[in-house]
Amino acid sequence: MSPSSSSSLIHGISISVSDDEEASGRVRVRVRRKRHRHPASAARRRLLRRAARLCAPLLLATVAVSLLLYESYRLSPSSPTPPPAANLTRVDHTGAARAADGARKPCLKILGPEKLQNLEPPEVPEQNLSVKKVVYKSSLLHIGDEDSSRTEISCFNSFTGYQTLNEREESFKMKEITTVHCGFYNENGGFKVSDVDKDYMRSCSVVVATCAFGGGDDLHQPIGMIEVSTKKVCYVAFWDEVTRAAQEEEGNKIGENLMIGLWRIILVRDLPFSDQRLNGKIPKLISHRLFPMARYSIWVDSKSQFRKDPLGVLEALLWRSNSSLALSEHGARSSLYDEGKAIVKKHKATPEEVKVQLDQYRQDGIPDEKRFNGKKALAEASVIVRDHGPLTNLFMCLWFNEVARFTSRDQLSFPYVLRRLRMPGVHLFPVCTRKDLVNSFGHRRKVKPLARERR
C-alpha cells in the first residue's frame, strides 16, 4: 500500500481512499464483483476450439474432392440410366407412346427399305361378301327421276342425281348386285377431264390423290418413298383453272409432261358445285369412279404433305390387318352430335343445316354414343386409305350421297354410314398415326367459290 493512499478489504469489496479524498472527507467506492467460474463450461469451450482446429483442414479437403468429382462427371460422356420398367412408356391424348424422356415413338410401323423393294399388292382372295357388284345409277338408265325428296339444304343436281328417301333407305340394304347413286349421273353434270387424262387415270393401279379447287392451297411434294414406289404409284392432283393461275403466280407451272415434281396434274372443267368443299368430295370420296382400274388409293388433303412410302402404308394399315378402309379417329370428339354442335359454333355450317341432318339421324335411330365396335365413333378424314373392292365402293358412294344431301362436313355423315352399313374391315387408327403419315401446313388462302351452281 503506497503512502499516498490507504485501502481496506471488507468481504470482497475493495474501498480505495485517496489522500485528497480523505482530506476533503469524500470517499469513492468502486465495487468489483467476483467472477464465478464454471469449470465445465470452460472445458467445453476448450474442446470446441481444439475440434475446430483439427476439423478445418478435413472439411476443406472434402469440399475440394467434391468439386473435383462434379467436374469429372460434368465433362464425361452422358450415359442416362434406364427408368424403372413400369415407367418406360406412357400414352398421350393422340395415342402416341412416349418414352420416359418425353420423346414420341412412331405409331406407324412401316417395313424397312429392303422389304419395300419387293413389296407387291396381295392377290385378292375369294371373299364371301354380301355385295359382289355395285351398279351406278345414271340418267341413261333411269328416266324420269323423282325430285320430290330434295330439301332446302340438299345439293342434288345433274351430277349427283336426285336420290329419293326411299332410294336412300334401299341403298343401305346390301345385296349381291346393288344399284346406287354415286355421282356422274348425267354426262352433262360436270367434272370434265380431257381424254388424255382419262387414259392416264385408267392406267393407275395404286393412287395417291389430292385436289385444290378455287386456288386455296399450294401443292406439297410427297416425301419418304423409295424409288421403286414412284414407278408403281400414280400421284395425282386435281386442279381447276383458278388454282392453276394461282400456282403459276407462285412460279409453279405445269410441265410439258403435265407434271409438277411427282404430281401428275389433272385439270377439271365445269365443276358441279359452287361450294368448292363439295367439289373436293368427288376425288376424296368416290375416287373409284375416277380410277376405274385402280385396286387401292390413298387420299391426302391439300393442306397436308404425304411423307411415307405409299405401298408401305397400304401394307401397314390394310394388308397387315386384313382391312378394307382406314382413316384416323377424331382428335377432339367422339360423338357425331357433339361434332354437330362444334360445327355450328365454329360457323362451318348453319344451325339450320346441321339440325336437319341430325334430326334425320335421330329419326333413323342413330344413338348418341361415343364408341362403336370398341373405337371412337367419329373420324377425321384428312387421310383415307382404302381398297377399291365392291363393298368399300358402296360405302364411299353412300358417304358421298349423305354429304350431297346434307352438309358438306363429312365428319357428320361418316359415323352414320358406318353404323347403318356395318361394313367389316374398317380400321380407325389413332391420331398419332395420322401425324406420322402427313405434315400438316394448314390452308394457305381462302378458296374462291364458283359464280353459280349446277342443277
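Trainee: Where is Lys281 found?

Mentor: Lys281 is found in helix H8, where helices (H or I, at least four residues) and strands (E, at least two) are DSSP runs numbered from the N terminus. Please keep in mind that this is a predicted model, in which local features need pLDDT of at least 70 and side-chain atom pairs count only at pLDDT 80 or more, while totals for chains, interfaces and linings use all residues. Residues are numbered from 1 along each chain as its sequence is written, and side-chain values use heavy atoms, with hydrogens and water left out.

Trainee: Is Lys281 buried or exposed?

Mentor: Lys281 counts as buried because its relative accessibility is 9%; buried means under 20% relative accessible area, exposed means over 50%, and partly exposed lies in between, with a 1.4 Å probe and protein chains only.

Trainee: And which residues is Lys281 in contact with, leaving aside its neighbours within four places in sequence?

Mentor: With those neighbours left aside, Lys281 is in contact with Ile286, Phe400, Val403, Ser408 and Asp410, where contact means heavy atoms within 4.5 Å. The C-alpha atoms of Lys281 and Arg409 are separated by 9.9 Å, although these two residues are 128 apart along the chain.

Trainee: What about helix H8 as a whole, at what angle does it cross H13?

Mentor: The axes of H8 (residues 276–285) and H13 (residues 390–405) cross at roughly 175° and come within 10 Å. Such axes are lines fitted to C-alpha atoms, for helices over the stretch in contact, and the angles run from 0 to 180 degrees between N-to-C directions.

Trainee: So how are H8 and H13 oriented, roughly parallel or roughly antiparallel?

Mentor: That crossing makes H8 roughly antiparallel to H13, given that angles under 35 degrees count as roughly parallel, over 145 as roughly antiparallel, 65 to 115 as roughly perpendicular and the rest as oblique.

Trainee: Which residues meet there?

Mentor: From H8, Leu278, Lys281, Ile282, Lys284 and Leu285 meet Met396, Trp399, Phe400 and Val403 of H13. By class, the contact of H8 with H13 has seven nonpolar, no polar and two charged residues; Ala, Val, Leu, Ile, Met, Phe, Trp, Tyr, Cys and Pro count as nonpolar, Asp, Glu, Lys and Arg as charged, and the others, Gly among them, as polar.

Trainee: Switching to H11 and H14, how do their axes cross?

Mentor: The axes of H11 (residues 336–345) and H14 (residues 410–421) come within 9 Å and cross at roughly 165°, which means that H11 is roughly antiparallel to H14. Leu336, Glu339, Gly340 and Ile343 in H11 meet Gln411, Leu412 and Pro415 in H14, and by class this contact has four nonpolar, two polar and one charged residues.

Trainee: What is Gln411 in contact with, neighbours within four places aside?

Mentor: Gln411, whose place is in helix H14, is in contact with Glu339, Leu378 and Ala379 once those neighbours are left aside. Gln411 counts as buried because its relative accessibility is 15%.

Trainee: Where is the place of Leu111?

Mentor: Leu111 sits in the loop between strand S5 (97–99) and helix H3 (113–117), and it counts as partly exposed because its relative accessibility is 22%. Leaving aside neighbours within four places in sequence, Leu111 is in contact with Leu116, Leu119, Glu315 and Arg320.

Trainee: Last topic, how many helices and strands are in the protein chain?

Mentor: The protein chain has 15 helices and 19 strands, and buried residues make up 43% of its 455 residues.
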